[in-house]
Amino acid sequence: SELVEFALAKQGIPVEKLERTWLDTRNYESYRLVVIVGDLTRARMTPSGYSEEDIDRLRSFLSRGGTLLIMQRGRQAFDTIAGRLALKKIVGENTSRVVVSMRHRLPDHSWVKHLNSKLPHPWIATANAVPMRMSQGEAIIGSDDGGRATLLRTQVGKGQLVYVGWEMSAFLKREEQPATVDDERIFQEQLQLLEKIVASAYPAEQQAAK
């Protein structure tokens, strides 16, 4: 995602981008933040999902303070037996089949506090969002009962798993399309959200910058 790269670069955080190869989980310990953006299966990566050994290393990475940021399509990395079991342990589950809409559930949360409650935020209620079922962690943007979330944060040891369940690029205007004031606002509020998520993965650096 261009927005993710931009959010990282804006804060002076170096980015290592992999498009055709899988980031070996044995190397996770070299990073503070790992972001999975695309559908690894569709990209024909091998492997394309977490094995039992990968899950053990992922848990170690998170427990020691690492952040795993999963964008909407990136959740396919957990589409293995080991991955599904691990995700269930981390975020819990909700078996309700009731169709629900997403809303701004925690307006005072630092990641979304910048949003003006009097203005529309179409990316929150977008029909293209894919909520994650959950019973543990913070459903920052989610269903009324908190059982599904499109912006989810759950702590694992000293680290965290974060899920962003909508396609941010869907709200970016193409160059040939003139952007309106609302378009620019929608872009900026999503960018600010990403910047805050990224900042949470580098707390020491953020404190030093103050």
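Angles under 35 degrees count as roughly parallel, over 145 as roughly antiparallel, 65 to 115 as roughly perpendicular and the rest as oblique. Keep that in mind for helices H2 (residues 52-63) and H3 (residues 81-91), which pack at an angle of about 30° with their axes 9 Å apart; the two are therefore roughly parallel to each other. On H2 the contact (heavy atoms within 4.5 Å) is made by Glu52, Ile55 and Arg59, and on H3 by Ala82, Gly83, Ala86, Lys89 and Ile90.

A word on what you're looking at: this is a predicted model, where local features need pLDDT of at least 70, side-chain atom pairs count only at pLDDT 80 or more, and totals for chains, interfaces and linings use all residues. Residues are numbered from 1 along each chain as its sequence is written, and side-chain values use heavy atoms, with hydrogens and water left out.

Now for the charges. Taking a salt bridge as a side-chain nitrogen of Lys or Arg within 4 Å of a carboxyl oxygen of Asp or Glu, the count comes to 12. One of them joins Asp54 and Arg57 (3.4 Å, N to O). These two sit three residues apart in helix H2, so about one helical turn separates them. Buried means under 20% relative accessible area, exposed over 50%, and partly exposed in between (1.4 Å probe, protein chains only). Asp54 is buried at 7%, while Arg57 is partly exposed at 27%.

Another salt bridge pairs Arg103 with Asp144 (2.3 Å, N to O). This pair links distant parts of the chain, 41 residues apart: Arg103 lies in strand E3, Asp144 in the loop between strands E5 (138-142) and E6 (148-156).

Key
Axes are lines fitted to C-alpha atoms, for helices over the stretch in contact, and angles run from 0 to 180 degrees between N-to-C directions. Helices (H or I, at least four residues) and strands (E, at least two) are DSSP runs, numbered from the N terminus.
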